[in-house]
Amino acid sequence: MNEAALTNGGFLYGALEVFAIVLLLLLAGLLVAVIVTYIYDVTQTKTAIRRNYPVIGHFRYFFEHLGEFFRQYFFAMDREELPFNRAQRAWVYRACKDLPNTVAFGSTRDIRRPGSILFVNCPFPTLGEDAVPPGAISIGEGCRTPYMTDSLFNISGMSYGALSKPAVLALSMGANKAGCWVNTGEGGVSPHHIEGGADIVFQIGTAKNGVRDLAGNLSDDKLREVASNPQIKMFEIKLSQGAKPGKGGILPGGKVTPEIAEIRGIAVGEDAISPNRHIDIRSNKDLLDMIKRVRDVTGKPVGFKTVIGGPHWLEELFTEIQKSGVEYAPDFITLDGSDGGTGAAPMPLIDAVGLSLRESLYILVDKLNAYGLRGRIKVIASGKLITPADIAWALCVGADFVTSARGFMFALGCIQALQCNKNTCPTGITTHDPKLQQGLVPEVKAERVASYVGHLVHEVGVIAHSCGVKSPRELRRHHARIVTADGPSVALDERFPPVKTNLE
């Protein structure tokens, strides 16, 4: 072998050694980086995904970033996803993180689509120094303990059981910071609702969890015990909810822990299935008797939550109120739309039963006016309302308050993984797996809940001021227009003329 060959061989051998050393250093560096990232991810408290899925969780954000470019050619646009599109979720994410919510270049919303709501701007909008916050409203003025609140946007019913302990605690703490109320959902009030310090609306579901005797009947003693807590401000009798009108709640056995079983008064580890209606409410008279009974026992405002399928039942109910007397009337009605959400429900009910809030809210407000009950009964709108434009529309139609569940789930970090019914929620919101729950740190998420409420109420005010009124509660139907199938828009008060009482 000649000298040149030996030289070349030595060079290649040396190069391979250098390459091997560099590769080993790179692998060692990568290993160190993975270890450091893992430690950082499991100890940080801001992001549930990275806390629950250390290291690999970073890929979600990388792919999400790439998606901004790929969606231009291959995937859904920002306004095309359901049940909530990317633009809606992005607004909530930025609001809850207290980030600027301005956009550039132009809107991605198709304002020509029939049913789109457009607000009527005023040539002389309200100046900032003339603006006033939403005024306080009294609910249940005839009660021993009425509820006075200026909260515009509140947390809808989500039970402890459907939600995890850290999620419930974060919502209650956040509601306390924001000055709004939190609804217990049909699972009863838990220590975690109380610990957060928020005002609480106690929901009485069809299983009467938390206020039932051993036989499952409504217990006056339990009602008094619950009402004795000053944080409990109102009671809401749940008749039905948006995603499952005509069907009771379902809590899978895997979520029925000993604590949840004790709070609800049910068996550990077994599916908790609520009846599809209250077995002791068979008629409108029964409903009104129940409302008066709970109000007399607790001394606090009482209303009900429902989805409606048309105006006829409301007419019958309001006629019964006129016959029985206003002392039997509910103090509020929470109206849910058929597009409301839930952790688990049959697809036929989710897809095809009940009226959307976009139709039913007009019906409820107008029927209350027609029967002279609008001043007596407050209206709470619920069902897929999570952005400032949604809330402003509901106020224009006639709602006094708005509640949301899924909007606040997004504020907690929900990524719409659609695993609410599987106990595998990757963000720790709807799971009782301790490993997944650790990613949701209540103190951090409470700040995001409060920030979400603050930004939303502020931007509803921005819409109201552009319409020329000083406060969001001054919005009326003539302040908005709706795009028709023919193309042009018409004023809401022309398309849905406000109804005056037939008693005048």
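**Close-up views of a predicted model**

View 1. Phe-19, Leu-23, Leu-24, Leu-27, Leu-30 and Val-34 together make a nonpolar surface patch of about 590 Å². (Patch members have over 30% relative accessible area and no salt bridge, and nonpolar side chains are joined within 5 Å; areas are Shrake-Rupley with a 1.4 Å probe; a salt bridge puts a Lys or Arg side-chain nitrogen within 4 Å of an Asp or Glu carboxyl oxygen.) Val-34 belongs to helix α1, residues 3–43. With 34% relative accessibility, Val-34 counts as partly exposed (buried is under 20%, exposed over 50%, partly exposed in between). This is a predicted model, so local features need pLDDT of at least 70 and side-chain atom pairs pLDDT 80 or more, while totals for chains, interfaces and linings use all residues. Numbering runs from 1 along each chain as its sequence is written, and side-chain values use heavy atoms, without hydrogens or water.

**View 2. Here is the largest cavity, at about 70 Å³.** Trp-181, Asn-183, Glu-236, Thr-334 and Thr-403 are the closest to its centre among 14 lining residues. Strands β5, β6, β7 and β11 each give two or more residues to that lining. By class, the lining has six nonpolar, six polar and two charged residues.

**View 3. Helix α13 is tucked inside.** Nine of the 10 residues of α13 (388–397) are buried, so the helix is largely enclosed by the rest of the structure. Among the buried ones are Trp-393, Leu-395 and Cys-396. Just past α13, Gly-398 has a positive phi of about 140 degrees.

Terms used:
Patches are made of residues with over 30% relative accessible area and no salt bridge: like charges are joined within 9 Å, nonpolar side chains (Val, Leu, Ile, Met, Phe, Trp, Tyr) within 5 Å. Helices (H or I, at least four residues) and strands (E, at least two) are DSSP runs, numbered from the N terminus. Buried means under 20% relative accessible area, exposed over 50%, partly exposed in between (1.4 Å probe, protein chains only). On a 1 Å grid over the protein atoms alone, a cavity is a set of points where a 1.4 Å probe fits but cannot get out, and a pocket is an open set with protein on both sides within 12 Å along at least five of seven lines; lining residues have an atom within 4 Å of a point. Grid points are joined across faces, edges and corners, and a volume is the space filled by probe spheres set on the points. Ala, Val, Leu, Ile, Met, Phe, Trp, Tyr, Cys and Pro count as nonpolar, Asp, Glu, Lys and Arg as charged, and the others, Gly among them, as polar.
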